[in-house]
Amino acid sequence: MSIELNVEALRRDGYVIIEGLFSDEFCDRATEALHRIQHDYSIRISENDFSGRNTVRIMNLLQYDNLFQDIPVHEGYLPVIQSYMDRECLLSGIDSSEILPGEKAQMLHTDSWWYDDIRLDFPITVNSVLTLTDFTTENGATRVVPGSHLWPADKVSYEMAEASNVSNLPAMHIRGYGTEWEPVVAEAPKGSVILFDSRLVHGGGANTTDKARPSIISPFCRGWVRQLDNFAYALSHEKMRSFSPQLQQLIGLEKYRGGYSNVNNMSPREWLWDRKVQQA
Ligand SMILES: O=C(O)CCC(=O)C(=O)O
């Protein structure tokens with residue numbers, strides 16, 4: 001599908017699945033890298049109802065393996081996000097989520113809750129989920145509520161799961177689940193990218209199989225929004241310098257619209273590496 005058609009789908013449905021972007025071989029190498037990092041850095045399983053109690057999440061993957069640098073700059077979906085939201089958008093984070101066998105369905109939520117769930121009539125974050133294995137109903141494929149990115153504010157209020165007739169939700173969910181609206185399952189073959197507007201109601205599914213459901217979740221935000229992963233602290237200058245110019249821009253090393261995030265009027269990149277004169 002063309003960039004325009006994917007943008008149109010995002011506008012209409014709040015999400016779109018783009019298949020065939022990453023090879024099986026790339027997905028397998030990424031999954032192996034995640035397992036190696038988990039082992040080497042003793043990363044533990046999540047311990048809360050939102051992140052999961054049977055899910056492994058590794059934050060800021062760019063610090064661990066060069067392989068992950070190919071993900072955010074992929075020509076098959078980055079231009080869709082840029083066109084839908086902001087030509088100078090930033091990578092907000094690049095984190096893994098490996099849903100292990102036995103994990104319950106995640107509460108259905110928007111990714112605007114950390115912006116106090118202010119409902120704007122334009123997106124400020126677009127999320128991407130790279131499927132490192134086939135996403136199926138059984139292994140916990142992402143669930144989405146088509147069109148919910150356009151819901152008004154009063155429709156996006158949370159209530160305790162116990163107060164509803166839905167038994168498998170761990171904590172809280174958005175009012176109306178099972179009565180006013182239902183999610184659909186975003187099944188997608190290995191190597192796809194699921195894009196969704198952060199205002200969309202969504203959540204990970206329950207994994208009822210005996211195999212893990214690995215994925216890499218990379219939100220992108222408008223250039224004036226604070227990023228989820230703090231790249232400037234997590235990555236060494238040497239590491240950031242080795243990135244492609246495009247990845248450097250995505251993590252925030254260029255000025256936004258010619259001014260924001262300047263260092264003495266220079267971009268962070270110029271300040272770090274091209275500075276001719278030390279400014280007072
Ligand atoms: O893993 C998924 O399918 C969705 C994850 C998600 O929404 C989250 O981690 O907040």
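Q: How many residues of domain 1 are in contact with how many residues of domain 2?
A: Nine residues of domain 1 are in contact with ten residues of domain 2. On the side of domain 1 that touches domain 2, five residues are nonpolar, three are polar and one is charged. Keep in mind that this is a predicted model.

Q: Where do the bounds of domain 1 and domain 2 lie in the domain assignment?
A: The assignment places domain 1 at residues 3–228 and domain 2 at residues 236–280. Their centres, taken over C-alpha atoms, are separated by 29 Å.

Q: How many helices and strands does the protein have, and what share of its residues counts as buried?
A: There are seven helices and twelve strands. A residue is called buried when 20 or more other C-beta atoms lie within 10 Å of its own. By that count, 40% of the 280 residues are buried. The contacts can be read by sequence separation too: among those between residues at least 6 apart in sequence, 80% join residues at least 24 apart.

Q: Why is strand β12 described as largely enclosed by the rest of the structure?
A: Strand β12 covers residues 213–221, and nine of its nine residues are buried, so the rest of the structure largely encloses it. Both faces are covered. One side carries Arg-213, Ser-215, Ile-217, Pro-219 and Cys-221, and the other carries Pro-214, Ile-216, Ser-218 and Phe-220.

Q: Which strands pair with β12, and in what sense?
A: Two strands count as paired when at least two bridges are found between them. Strand β3 (residues 90–91) pairs with β12 in the antiparallel sense over two bridges, and Leu-90 has Cys-221 as its bridge partner. Strand β4 (residues 95–99) is antiparallel to β12 over five bridges; here Glu-98 is partnered by Pro-214. Strand β5 (residues 125–131) pairs with β12 in the antiparallel sense over seven bridges, with Thr-131 standing opposite Ser-215.

Q: Which residues are around the ligand?
A: The residues around the ligand are Ser-97, Gln-106, Val-129, Thr-142, His-202, Gly-203, Gly-204 and Ser-215. Ser-215 also belongs to β12, where it is buried. By class, the shell has one nonpolar residue, seven polar residues and no charged ones.

Q: Where does Ser-42 lie, and is it buried or exposed?
A: Ser-42 sits in the loop between α2 (24–40) and β2 (55–58).

Q: Where is the place of Ser-261, and how many other C-beta atoms are within 10 Å of it?
A: Ser-261 is in the loop between α6 (245–251) and α7 (268–274). With 16 other C-beta atoms within 10 Å, Ser-261 is partly exposed.

Conventions. Residues are numbered from 1 along each chain as its sequence is written. This is a predicted model: local features need pLDDT of at least 70, side-chain atom pairs count only at pLDDT 80 or more; totals for chains, interfaces and linings use all residues. A residue is buried if 20 or more other C-beta atoms lie within 10 Å of its own, exposed if 12 or fewer, and partly exposed in between; C-beta atoms are placed from the backbone. Helices (H or I, at least four residues) and strands (E, at least two) are DSSP runs, numbered from the N terminus. A residue is near a molecule or strand if its C-beta atom, placed from the backbone, lies within 6 Å of it. Ala, Val, Leu, Ile, Met, Phe, Trp, Tyr, Cys and Pro count as nonpolar, Asp, Glu, Lys and Arg as charged, and the others, Gly among them, as polar. Domain bounds come from an automatic or database domain assignment. Two residues are in contact if their C-beta atoms, placed from the backbone, lie within 7 Å.
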